[in-house]
Amino acid sequence: MTLQHPIRPEIAALMDIHPEVAQALSAGRAVVALESTIISHGMPFPKNVEMARGVEDVIREHGAVPATIAVLGGRLKIGLTPEELHLLATDKNVQKISTRDLAVTVALGRHGATTVASTMRVAALAGIRVFATGGTGGVHRGAGESMDVSADLLELARTDVCVVSAGVKSILDIGLTLEVLETQGVPAITLGSTEFPAFYSRQSGFPSPLTVETPEEVARVMKAKWTLGLAGGVMLANPVPLEAEIPATEITPHIERALSDMNTLGLSGKETTPYLLGRIVEITEGRSLETNIALVRHNAAVAAQVAVAYASLA
Ligand code: PSU
Ligand code: MN
């Protein structure tokens with residue numbers, strides 16, 4: 001099968017591309033990548049599997065092909081079977097792997113659920129340019145001391161993929177996250193709002209650096225960016241639907257409590273984001289999980305529309 005973006009043979013040898021995805025790529029049709037850390041470490045079983053299947057369906061309903069990405073037994077998986085999805089959702093040996101972990105996971109034949117950063121990298125290797133997730137990582141609060149800045153931001157600076165998220169959770173420092181994106185030359189664009197969204201909430205208090213009104217405009221931005229040789233990604237922020245949002249005034253005290261519990265436990269590094277997400281689900285008695293699922297589905301719909309528009313430009 002000939003792909004429109006030819007994959008170097010030594011890379012193709014490390015990949016298993018699901019036939020549905022391979023067919024779409026070779027025909028130049030719209031494909032949307034999905035991450036797997038959100039499945040293994042972002043949501044509890046069985047909601048995580050339901051979410052993952054549901055999101056794939058949303059992408060198909062909008063005319064694109066979903067490609068959930070993970071590393072299984074050291075193989076780069078581009079599109080998963082139902083059995084593979086189930087394994088990711090349930091197996092405690094599945095590690096959360098960022099870009100730094102990719103080489104070890106591949107070389108030693110391990111399992112890994114890819115974060116936004118590593119999913120972007122693998123998607124780009126496969127020639128996929130659009131990726132839907134829930135929220136991206138960012139600059140953690142207190143990063144001046146901890147130096148905890150998500151690799152997602154560095155990957156956005158160097159890998160040519162448009163990431164559709166609901167913005168940046170206020171468990172992070174949103175202002176500093178926007179500063180780092182500016183420094184790295186990454187356009188942070190909000191769809192249909194002049195305010196940058198804060199994941200659970202439509203409002204963050206931070207103006208969006210850039211705004212567009214339609215998915216088609218996003219596709220034109222991607223094309224212009226890469227035609228100009230401006231390497232790196234596009235961060236598209238898609239505010240959570242109004243009916244699913246938890247307003248900032250309501251979620252903020254819960255976030256503060258989760259952060260304080262985390263500090264009491266002394267957690268750091270890659271454990272912090274999964275802990276905070278899980279703790280906020282407990283504190284809100286499941287409401288934040290419903291919001292999380294709703295916003296991922298919304299992002300998948302928008303990402304599919306962007307991918308369809310981009311395929312027709314390319
Ligand atoms: N935000 C969410 N859900 C998630 C994540 C972020 O709302 O599951 C995951 C993503 O995989 C993201 C990762 O790439 O957490 C960021 O982790 P860290 O902060 O350790 O870079
Ligand atoms: Mn981190």
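How many bridges join S2 to S3, and do the strands run parallel or antiparallel? Four bridges join the pair, and S2 and S3 run parallel. The legends below describe close-up views of a predicted model.

**Figure 1. Overall view of the protein chain, with 14 helices and 11 strands.** The radius of gyration is 18 Å, close to the 20 Å that the globule rule gives for 314 residues, so the chain is as compact as a globular protein of that length. Along the principal axes, the C-alpha atoms fill a box of roughly 55 × 40 × 35 Å. Of the 314 residues, 51% count as buried. Among contacts between residues at least 6 apart in sequence, 75% join residues at least 24 apart.

**Figure 2. Helix H2 and the strands that its buried residues pack against.** The buried residues of H2 are Val21, Ala22, Ala24 and Leu25. These residues cover an arc of only 165° around the axis, which puts them on the same side of H2. An α-helix has 3.6 residues a turn, so residues three or four places apart point the same way. The buried residues of H2 pack against strand S1 (15-17), strand S2 (31-34), strand S3 (65-72) and strand S4 (75-78). Just after H2, Gly28 takes a positive phi of about 70°.

**Figure 3. Leu25 in helix H2 (residues 19-26).** Leu25 has 24 C-beta neighbours inside 10 Å and therefore counts as buried, the cut-off being 20 or more. Thr68 is 43 residues away from Leu25 along the chain, and the C-alpha atoms of the two are separated by 14 Å. Thr68 is itself buried, on one side of S3 together with Pro66, Ala70 and Leu72.

**Figure 4. Strand S2 with its partners S3 and S7.** Both faces of S2 are covered. Val31 and Ala33 are buried on one side, and Val32 and Leu34 are buried on the other. S2 and S3 run parallel and are joined by four bridges; in S3, Val65 is the bridge partner of Val31. Strand S7 (residues 130-132) also runs parallel to S2, with two bridges joining them. Phe131 in S7 stands opposite Ala33.

**Figure 5. Strand S3 with its antiparallel partners S4 and S6.** Eight of the eight residues of S3 are buried. One side holds Val65, Ala67, Ile69 and Val71, and the other holds Pro66, Thr68, Ala70 and Leu72. S3 pairs with S4 in the antiparallel sense over four bridges, and Ile69 stands opposite Ile78 in S4. Two residues lie between the strands in the hairpin of S3 and S4, where Gly73 takes a positive phi near 55°. S3 also pairs in the antiparallel sense with strand S6 (residues 112-114), over two bridges. In S6, Gly112 stands opposite Val71.

**Figure 6. The shell of 17 residues that surround ligand 1.** The closest are Thr37, Gly42, Val116, Gly137 and Ser150. At least two residues of the shell come from each of helix H3 (37-40), helix H7 (116-126), helix H9 (151-158) and helix H13 (272-283). By class, the shell has five nonpolar, eight polar and four charged residues.

**Figure 7. The cis peptide bond from Phe45 to Pro46.** Omega of this bond is near 5°. Pro46 has its place in the loop between H3 and helix H4 (47-61). Most residues other than glycine have a negative phi, and most peptide bonds are trans.

Figure 8. Met147 lies in the loop between helix H8 (143-146) and H9. With 9 other C-beta atoms within 10 Å, Met147 is exposed, since the cut-off is 12 or fewer. The place of Glu285 is in the loop between H13 and helix H14 (287-313). Glu285 has 8 other C-beta atoms within 10 Å and is therefore also exposed.

Conventions: Residues are numbered from 1 along each chain as its sequence is written. Chains are lettered from A and ligands numbered from 1 in the order in which they are written. This is a predicted model: local features need pLDDT of at least 70, side-chain atom pairs count only at pLDDT 80 or more; totals for chains, interfaces and linings use all residues. The radius of gyration is taken over C-alpha atoms; the globule rule is 2.2 Å times the number of residues to the power 0.38. Two residues are in contact if their C-beta atoms, placed from the backbone, lie within 7 Å. The arc is that of the directions from the helix axis to the C-beta atoms. A residue is near a molecule or strand if its C-beta atom, placed from the backbone, lies within 6 Å of it. Ala, Val, Leu, Ile, Met, Phe, Trp, Tyr, Cys and Pro count as nonpolar, Asp, Glu, Lys and Arg as charged, and the others, Gly among them, as polar. Two strands pair if DSSP finds at least two bridges between them.
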